Amino acid sequence: MMPRLRYFVLLVLAAYLCTGFAQVRPEERAVVRRFGQVVARPQPGLWFGFPWGIDRVDRVPVRTVRQIKAGFNPETAFDAPGTPVGQYLTGDQNLVNVQLVLDYAIGETDPDLDDYVMHQDQVDVALAREAEAIAGEWLGGRSVDDVLLTGTAALPAWIMDRLPDRLATLKLGVKVQRIGLALAPPDEVRAAFEQVSQAQTGIRTKEYQARQETDLRRRQAESLRYRLEQEAETFKSGQIRQAHADSAEFLAQLSAYRELKKNNPDALSLIWWTEMQKTLIGLKSRGGRVEPLDAHLGPGGLDVSQLITPKRR
């Protein structure tokens, strides 16, 4: 009987000592507390310490992203009397329902692990309350129209900027990675808000179309201005080149006439009469006429006025 009892005691003792073994998975970190005091933070692998009752090993999944919901919950919001949790008052005294979804992970530094192990039962509640408080600060300073139109993008960023400082004072050992948001007016006024939202959407659509039309007209005007400037520049360049060519031709002719005059004083008169002949021939070909002015000379001088008899029909 005694040997069996001895073996049984040894077996129980061995089993008790085996409680000091702990396997830490690759995605985990462990925190060992001995009588409530942190004494070790084992890395992934096999750990052996004092047995249960002396050491307590908390294995923390540091690479697991956890998710909690905060704010308005339509399933439980009206179970208790009073204003539901997550129903906020905006700056213009309107109600809006806000539901937050927070994704967080446990920090991998030694202080974060210690803080999380010490407060792990309070993390979800404290994180939700801090996020709700920060959301209330943002909502209380804006109109309901501004909240519904910009809140989905602006409010998560607002919370993400301020939440880390709040969590650092609480020493929860967690880091928020992403915040999701759902905004909606209360059911009693949802239809009216949807109508307003549709109207505002129509206004923004018209504004966008007007801006597009403005940009199109501006581009067309710029294109026309550029084309006219190019045409004007081309015309100016052509006129300048033509003027230079005409000037060079005139100077060449003038130089030739001067040389010709030196050799033959009557040469310019001959050229003048030759040009006049061309002019008279051209005038006659276009229906003009040349008449002597002797008949128009009188005591009062030259009088070229004529009396034209209208043709009979």
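Helix H5 (residues 190-263) holds both arginine 225 and glutamate 229, which are four residues apart, about one turn of the helix. In this predicted model, the two residues form a salt bridge in which the closest N and O atoms are 2.7 Å apart. Arginine 225 is partly exposed, with a relative accessible area of 41%, and glutamate 229 is likewise partly exposed, at 39%.

Glutamate 130 belongs to helix H3 (residues 123-139) and arginine 166 to helix H4 (residues 144-170), so the pair ties together parts of the chain that are 36 residues apart in sequence. Glutamate 130 is buried, at 19% relative accessible area, whereas arginine 166 is partly exposed, at 25%. A network of salt bridges links Glu130, Glu137 and Arg166.

A further salt bridge brings together the side chains of aspartate 112 and lysine 175, at 3.6 Å from N to O. This pair links distant parts of the chain, with aspartate 112 in helix H2 (residues 110-119) and lysine 175 in strand S9 (residues 174-184), 63 residues apart. Aspartate 112 counts as buried because its relative accessibility, 15%, is under 20%.

## The surroundings of threonine 90

Threonine 90 lies in the loop that runs between strand S7 (87-89) and strand S8 (95-106). Threonine 90 is buried, its relative accessible area being 2%. Apart from neighbours within four places in sequence, threonine 90 is in contact with Val96, Leu139, Gly140, Arg142, Ser143, Val144 and Val147.

How values were computed: Residues are numbered from 1 along each chain as its sequence is written. This is a predicted model: local features need pLDDT of at least 70, side-chain atom pairs count only at pLDDT 80 or more; totals for chains, interfaces and linings use all residues. Side-chain values use heavy atoms; hydrogens and water are left out. Helices (H or I, at least four residues) and strands (E, at least two) are DSSP runs, numbered from the N terminus. Buried means under 20% relative accessible area, exposed over 50%, partly exposed in between (1.4 Å probe, protein chains only). Contact means heavy atoms within 4.5 Å. A salt bridge is a side-chain nitrogen of Lys or Arg within 4 Å of a carboxyl oxygen of Asp or Glu.
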